[in-house]
Amino acid sequence: MNKKDLKRFKTALEQKRDAITNATGKKPHWENMEDTRHGDFVDQASDDNEIHVNLRLLQIDAKLLRAIEAAIERIDNDNYGICSICEEEISLARLKAVPWTSVCIACKEKKTA
Ligand SMILES: [Zn+2]
């Protein structure tokens, strides 16, 4: 990956991290949720009561925050975009969709299968 892309990912990750850190009391709205199937999240959430929804969001917050911080660390350590399982490069398209991911799509599918 070239330096320009790396810098762009780092900026995006830092913005995301800051958004979560500053979002206390506010409901976050993310486009990309690593562990939720697209579209399902809102539907699932509407079935729960408000307290459960907030709890779930907090748990996701903490998990996502850790993933983002780890990704920023990988950028600093020069191993960003490398799958932590098979050590192949993660595709740029996947990183653009989920910049904090540490596994390639093949390993992700194996993990969830
Ligand atoms: Zn992999």
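The legends below describe close-up views of a predicted model, going from the overall fold to individual sites.

Because the model is predicted, local features are reported at pLDDT of at least 70 and side-chain atom pairs at pLDDT 80 or more, whereas totals for chains, interfaces and linings use all residues. Residues are numbered from 1 along each chain as its sequence is written, and side-chain values rest on heavy atoms, with hydrogens and water left out.

**View 1. The protein chain and its helices.** The protein chain holds five helices and zero strands, where helices (H or I, at least four residues) and strands (E, at least two) are DSSP runs numbered from the N terminus. Read along the sequence, the pattern is α-α-α-α-α. Of the 113 residues in the protein chain, 33% are buried; buried stands for under 20% relative accessible area, exposed for over 50% and partly exposed for values in between, with a 1.4 Å probe and protein chains only.

View 2. The SG atoms of C83, C86, C104 and C107 coordinate the zinc ion at 2.3 Å; donors are N, O and S atoms within 2.8 Å of the metal (3.2 Å for Na, K and Ca), and a site may look incomplete because water is not among the atoms. The arrangement is tetrahedral because the four donor atoms subtend angles of 105 to 116° around the zinc ion, the criterion for four donors being that all angles lie between 85 and 135 degrees. Along the sequence, the donor residues follow the spacing C-x2-C-x17-C-x2-C.

**View 3. The aromatic pair of F9 and Y80.** The count of aromatic pairs comes to one, the rule being that rings of Phe, Tyr and Trp (its six-membered ring) pair if their centres lie within 6.5 Å, with planes under 30 degrees apart counted as stacked, over 60 as edge-to-face and the rest as tilted. F9 and Y80 form a tilted pair, with 5.5 Å from centre to centre and 50° between the planes. F9 lies in helix α1 (residues 3-21) and Y80 in the loop between α3 and α4, so the pair ties together parts that are 71 residues apart in sequence. F9 counts as buried at 7% relative accessibility, and Y80 is buried with a relative accessible area of 6%.

View 4. Side chains of opposite charge can pair when their charged atoms come close. Three salt bridges are counted, each requiring a side-chain nitrogen of Lys or Arg within 4 Å of a carboxyl oxygen of Asp or Glu. The side chains of D76 and K10 meet at 2.8 Å, N to O, and this pair links distant parts of the chain, with D76 in helix α3 and K10 in helix α1, 66 residues apart. K10 is partly exposed, with a relative accessible area of 24%. R8 and D5 also form a salt bridge, at 3.7 Å from N to O; these two residues are three apart in helix α1 and therefore separated by about one helical turn. In this pair R8 counts as partly exposed at 49% relative accessibility, whereas D5 counts as buried at 15%. In the salt bridge between D18 and R17, the closest N and O atoms are 3.5 Å apart, and the two residues are partly exposed, D18 at 35% and R17 at 24%.

View 5. I51, L55 and L58 form a nonpolar patch on the surface, with about 320 Å² of accessible area together. Patch members have over 30% relative accessible area and no salt bridge, like charges being joined within 9 Å and nonpolar side chains (Val, Leu, Ile, Met, Phe, Trp, Tyr) within 5 Å; accessible areas come from the Shrake-Rupley method with a 1.4 Å probe, and for residues only the protein chains shown count as cover. I51 lies in helix α3 and is exposed, with a relative accessible area of 62%. L58 also lies in helix α3 and is exposed, at 55%; the C-alpha atoms of L58 and I20, 38 residues apart along the chain, are separated by 9.9 Å. E69, found in helix α3, is partly exposed at 40%, and its C-alpha atom is separated by 8.1 Å from that of L13, 56 residues apart along the chain.

Terms used. Four donors count as tetrahedral if all angles lie between 85 and 135 degrees; four count as square planar and six as octahedral if opposite donors are over 155 degrees apart and all others between 65 and 115; anything else is irregular.
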